[in-house]
Amino acid sequence: MNVRHQRFKLLALIAVFALPMLTAWIMLHWRIGIPDQHTAHGELAPPVPSLPEWPLVDRQTSFDGGDWVLAFDCTRNCEAQADRWWRMHRALGREAPRVTRLRIGGNAEALPGEAFSQWKEKPEWQAAGAVWLLDPQGRVVLRYDDGVAERDVKDDLTRLLKRNPDPRAAEEFEGG
């Protein structure tokens with residue numbers, strides 16, 4: 001009787017620790033109970049190579065050592081696309097200097113704060129009007145389809161910048 005009671009206690013103890021992990025896995029796998037405002041609006045970690053591997057005419061190896069990059073395909077309706085992302089970039093306010101826009105395609109002059117390049121060849125993952133958000137190491141974090149709302153991209157970008165403080169600011173703070 002005592003051994004049976006001890007086994008029951010052991011199973012109950014295992015259940016207490018395993019049940020939350022099982023519940024979290026079920027919630028994540030089937031997207032049950034996860035509010036929409038806590039998820040990204042774009043495709044998270046898409047199967048896209050990092051920026052140095054992109055087939056661009058001008059290689060963009062890094063942007064000011066720590067900038068996030070908002071890259072957008074500008075092969076269609078370029079002036080409107082460039083203006084749209086320039087306005088969203090300005091709306092970031094004091095966080096705007098941490099982001100660089102990379103326009104790929106089009107013939108219009110580059111807007112302020114914008115880097116410009118062309119596709120050497122169009123990769124299979126490229127789509128007209130697509131937008132990619134890259135981390136400071138050049139890895140693609142989020143991908144958006146053409147027609148995504150600027151507000152959705154700004155929400156995701158603001159959240160990423162808030163959760164990833166600028167290491168350059170920390171170095172300045174520690175140094176002086």
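A: A disulfide here is a pair of cysteine sulfur atoms within 2.5 Å. The structure is a predicted model, in which local features need pLDDT of at least 70 and side-chain atom pairs count only at pLDDT 80 or more, while totals for chains, interfaces and linings use all residues. Residues are numbered from 1 along each chain as its sequence is written, and side-chain values use heavy atoms, with hydrogens and water left out.

Q: How many disulfides does the structure hold?
A: The structure holds one. Cys74 is joined to Cys78, with an S to S distance of 2.2 Å.

Q: What is the handedness of the link between Cys74 and Cys78?
A: The link is right-handed, with 105 degrees about the S-S bond.

Q: Is Cys74 buried or exposed? And what about Cys78, buried or exposed?
A: Buried means under 20% relative accessible area, exposed means over 50%, and partly exposed lies in between (1.4 Å probe, protein chains only). Cys74 has a relative accessible area of 1%, so Cys74 is buried. Cys78 also counts as buried, because its relative accessibility is 13%.

Q: Now the sheet. What is the strand order?
A: Strands (E, at least two residues) and helices (H or I, at least four) are DSSP runs, numbered from the N terminus. Two strands pair if DSSP finds at least two bridges between them. Six strands form an open sheet with mixed pairing, in the order S1-S6-S5-S2-S3-S4. S1 and S4 are the edge strands, each pairing on one side only.

Q: Why is S6 described as largely enclosed?
A: Five of the five residues of strand S6 (residues 140-144) are buried, so the rest of the structure largely encloses this strand.

Q: Trp132 brings me to Gln126. Where does Gln126 lie, and what is it in contact with?
A: Gln126 lies in the loop between strand S4 (114-117) and strand S5 (131-134). Contact means heavy atoms within 4.5 Å. Leaving aside neighbours within four places in sequence, Gln126 is in contact with Asp73, Thr75, Trp119 and Trp132. Gln126 counts as buried because its relative accessibility is 14%.

Q: Is Glu109 buried or exposed?
A: Glu109 has a relative accessible area of 74%, so Glu109 is exposed. This residue lies in the loop between strand S3 (99-104) and S4. Not counting residues up to four places away in sequence, Glu109 touches Arg103 and Glu114.

Q: How far apart are Glu109 and Met21?
A: They are 52 Å apart in space, C-alpha to C-alpha, and 88 residues apart in sequence.

Q: Changing topic to the helix: where is Ile26 found, and what is its accessibility?
A: Ile26 is found in helix H1 (residues 2-30). At 31% relative accessibility, Ile26 counts as partly exposed.
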